[in-house]
Each structure stands twice: as C-alpha cells, then as structure tokens.
Amino acid sequence: MTLTLYNTLTRRQEAFATVEPGKVKMYYCGVTVYDYCHLGHARACIVWDVVRRYLQFIGYEVRYIQNFTDIDDKILKRSREERSSMEAVAERYINAYFEDMERLGIKKADEYPRATHTMNGIQRLIHELENKGFAYPADGDVYYAVRQFNEYGKLSGRKLEDMQAGASDRVQVEDPEYQKKKDPFDFALWKAAKPGEPAWESSWGPGRPGWHIECSAMVRDRLGDTIDIHAGGADLIFPHHENEIAQSEAVTGKPLATYWLHNGMVKVDGEKMSKSLGNFTTIRDLLDRGVEPMAVRLFVLMAQYRKPIDFTDEAIAAATNGWHTLKEGLLFGYEYGEKLGWNEVGAGSHISFKINDDINKPAPTGEKLTSEIHIQRFQEAVNDDFNFPGGLAVLFELAKELRRQGNIIVHQGKTETSPEELQKQWHTLVTLAEVFGLVAQPEAETVTTEGLSDTQIENLIQQRQAARKSKNFAESDRIRDQLQAEGITLIDSRDGTRWHR
C-alpha cells in the first residue's frame, strides 16, 4: 500500500517518496498573530496535525515546523489601535493561539520559528539574491526581479503576460513603491523604515522584511534547502508560495519542496467568512458557546481536505451526532471492560501495530483477524491522498459494532462476540481514532450527597431483591423508583438484575 498525494506543483497525484528514507521534513505556513484564530485556521491546523500524525502512524520520523508571522502591517495597525507595541500584540495572540490549539487537541509542532527571530537568515538570503542578480536595492527598499526567474508561475499556473494584461487598470503609477520598482511584478524583500515603526539595521538601511522572504528564510534555517512537504491554505498558492519558490530556488538551485499541499477554504452558510458580513467566527467563540472540540475536528475531517467546506448549524450538528457515536465506541472498554474480564482497560494498554509488516502477513489460519482487516482498510483509504472521510468510515463501523455489543451486554448480560475479540476491536478503534486526534476519556466519577456510588447502588439492588423474595412488592417498586430518579436503569433477567447509569 503506497501513500499517494495530490501535488499542487505538478497538478497530479504522485507516490510519496522522501528526500531522506524514513524521514519527513514538513513546513506549514502558520498564522499572522494580530487577532484570535478563526474557523479557517482551525481547519488548516487540524488537517496538517492529522497529516503529521498519519505519517508517524505509518512509520515515518516527522520533523514538523510551523512559523509565526510576528511582524506585519496588520500587527502594526493593531498595535497603533491599542496604543501598544508590535511585540505585545504578537505575544498576546501567540499565547491565545496555543490556548485554542490545545482545546482542539492539536499536537505542538517541533519548532515555532518567528520572523523577528530569523532576521540574520532573512538578510543573508536577500544578500544572496542580490549577488546572483535576482534582487536590487531602491532607496532603502530591496525588490525581487521577478522576470529574472524563468520558472515564475509554475506553482500557480499563472503567466506574467496574462497577469500584465489584466492588471493594467489596477496599476497606480502615483504609488511611491511602484515608482521604485523596475517592473510592476517585482515584490519587496526588504522595506525601508517608516516613522514610528519597528526597524532592524541592515546594509540597505533600517527597515523590516517583506512577508514572502520570511518563510523562505525560516524553512532554510530550520529544515535545509529542500523539504518533503510544504503545506498551507489554498489562498497562499499565489502570491505567497509562488514567491517563496522564486526566492529560495533562485539561491539554492534546488527544489524548495517536493510536494506542495493545500487545504481548501471554509465558508459560513455558503458565503466567504469576513467580519464585514458578520459571519466571522473565532475558535474560542465557537467552543465557548458549547460546541465540542472533537465535533469540530470531526467536521473538518468529514470533508476531502482540498475541497471547500461550508460551516452551517446543520453541519456542526451532524458532526456532533457523529462524534457521540464515535465516543460511545471509544468509551466501550472503560464501561464494559471489567464486566468482560479484561485485564487492562486504560489507554496505556493499546495494541502496538507494525503497520507496514504485520497486517500484510497471513494469520495462522490463513485469514486476517478483524482488527487487522480494519487497520488495512483504514490505511488503504487514507493512503489515497489523505482520504480522511474514508478512514472515518472504518472508525464508524467499529464504533457502531461496539455500541451494538454494549446494548447486548446491558439487555442480555452477555455478548455474541468473544471478550478477546471485542478487546481487539476496541483497541483498534482507539488506536485509529488517535491518528485523527479523536480522543475520549471517561468522566471522573464524583460522589456527592445527591448521587449514589456503585456500592450504594449494589446495596439497594440487594435490598430490592430481598423485598421481592418476601413478596414486598411495594418496597421493591419504591427502590426501583428511587434508583430511576438517580438516573439508574435496572434490567431484570433470569440471570439476575443488571444496572447502568
């Protein structure tokens, strides 16, 4: 089973092969920290979190880098509005980012480089571009000479002549920046300092970097000249990622990334999300109003990652219902494991699967075990360009079967399937769900004066049985009603009385 990915650069699906065998270098263009993260950020961060988890699941050692853009016009605008500083604004929203991601179950990246911490690498890269004839200074600014890079447009598929024809009416000749450029398509690598703005010393004078050069420098500093996966939202393909390629490859003469992966955008009720339309939703607003974090993850993963998704009340309700189904399956072991005689139930007892070896070997009987079949089907689905919906179908199949078996245990006191096989199915579900970051833990039992402990419930059931034996049915009914008022359901059978909350 070979992992294949749709590569934006080649516009086709390709077999995945890394620069260094067994290792993946992955970079995700992170957020500009001037505001709280919104639904679009949630989708991107969940998608690339799961891509990283899946690559690790199938045996790769992944080095995952995600940057913060902490110097930008929007950050400076926010700092002026708040009469604060660029550093204070960036720090506050970086902290807020980590709070939001923790609530969504996003694993931390291996490193979070910041543009302001990469200033030496940025200036070094600009100097190299200048020395190679791809950049030129102009009154304190430095621009990239786009026409010097013959492959410009290869990622987005755009041609300069087409863009030039469509841009003639939009060019503002009076714009001071336009006047400095040798060509209207050239873009800024370094911007001369403006009064009241933070600036760094350089050989071109005090100033700050352009947005595109920051990522080129951070990728090179943290991961080297060529990486395996460069990821981001589809809105970054042009101009940001196109310009990254032009900058990096002009200097190194090597591909910046082998695979360029892009997630689709998020719409709200069919419209683009924007503050002006009043449909702008932050992650914390969504979660604070009661939407479950795991339902948000499921909502994102239920769609093909490259396609747009529409956030509606109906969609999040469906995802919530789906999560409750999965949650029942994920809690099966905690609820019934002891009754089934399992030795271990906790998360530490999950089966360790050797994905690339064990599931392809025939079992002693010549047939794969149920758990192995589910793992194989899961991997076959997700290996097809990260087909997360296909992988979820396997999870739902396992969860629904465990839920069915739980109902049988409650009503009949026994199962149709052996306890050993149920344990394997549950461990398989928990292991595969963790690949998607879908995790459920039993709620801690709290005993208060208004609630009954398990021991108290068992004592009342014994009292009821004694009352029934002595034909004191009024007392028997009273105890049943008392338990029912506490949320305890009793099920009488020939084998005795069972209960559940």
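Predicted model: local features only at pLDDT ≥ 70, side-chain atom pairs only at ≥ 80, totals over all residues.
**Entry 1: a pair to start with**

I began with R404 and E416, whose side chains meet in a salt bridge at 3.1 Å, N to O. I noted that this pair links distant parts of the chain, with R404 in helix α14 (residues 388–412) and E416 in the loop between α14 and α15 (419–435), 12 residues apart. My rule for a salt bridge is a side-chain nitrogen of Lys or Arg within 4 Å of a carboxyl oxygen of Asp or Glu. Side chains of opposite charge can pair when their charged atoms come close.

Residues are numbered from 1 along each chain as its sequence is written, and side-chain values use heavy atoms, with hydrogens and water left out.

For helices I took DSSP runs of H or I with at least four residues, and for strands runs of E with at least two, numbered from the N terminus.

Next I looked up accessibility, where buried means under 20% relative accessible area, exposed over 50%, and partly exposed in between (1.4 Å probe, protein chains only). R404 is partly exposed, because its relative accessible area is 37%. E416 reaches 57%, so E416 is exposed.

**Entry 2: further salt bridges**

How many salt bridges does a search of the whole structure find? I got 33.

I picked out D49 and R297, which form a salt bridge of 2.7 Å, N to O. D49 sits in helix α1 (residues 39–57) and R297 in helix α10 (residues 293–301), so I was looking at distant parts of the chain, 248 residues apart. Are D49 and R297 buried or exposed? Both D49 and R297 are buried.

Then I turned to E128 and R220, joined by a salt bridge of 2.8 Å, N to O. E128 lies in helix α4 (residues 119–131) and R220 in helix α7 (residues 211–223), so this pair ties together parts 92 residues apart in sequence. E128 is partly exposed at 22%, and R220 is partly exposed at 27%.

I also found one network, in which salt bridges that share partners join D35, K77, R78, E81, E82 and R92.

**Entry 3: cysteines**

A disulfide is a covalent bond between the sulfur atoms of two cysteines. I counted a pair of cysteine sulfur atoms within 2.5 Å as one, and the structure holds 0 disulfides.

C215 is in no disulfide either, and its nearest cysteine sulfur, that of C29, is 3.6 Å away. C37 counts as buried because its relative accessibility is 3%, and C215 is buried at 2%.

**Entry 4: a loop and a patch**

Where is S203? I found S203 in the loop between β7 (187–192) and β8 (207–209). S203 has 54% relative accessibility, so S203 counts as exposed. From C-alpha to C-alpha, S203 and H127 are 9.2 Å apart in space, and they are 76 residues apart in sequence.

Last, I looked at D313, which is in helix α11 (residues 313–330). D313 counts as exposed because its relative accessibility is 56%. Together with D269, E271, D310 and E314, D313 forms a negative surface patch. For such a patch I joined like charges within 9 Å, using residues with over 30% relative accessible area and no salt bridge.

Conventions
Patch = residues over 30% accessible without salt bridge, like charges linked within 9 Å, V, L, I, M, F, W, Y side chains within 5 Å. Areas by Shrake-Rupley, 256 points an atom, 1.4 Å probe, with all protein chains shown as cover. Lys, Arg positive; Asp, Glu negative; His and termini not counted. Charge placed at Lys NZ, Arg CZ, Asp CG, Glu CD.
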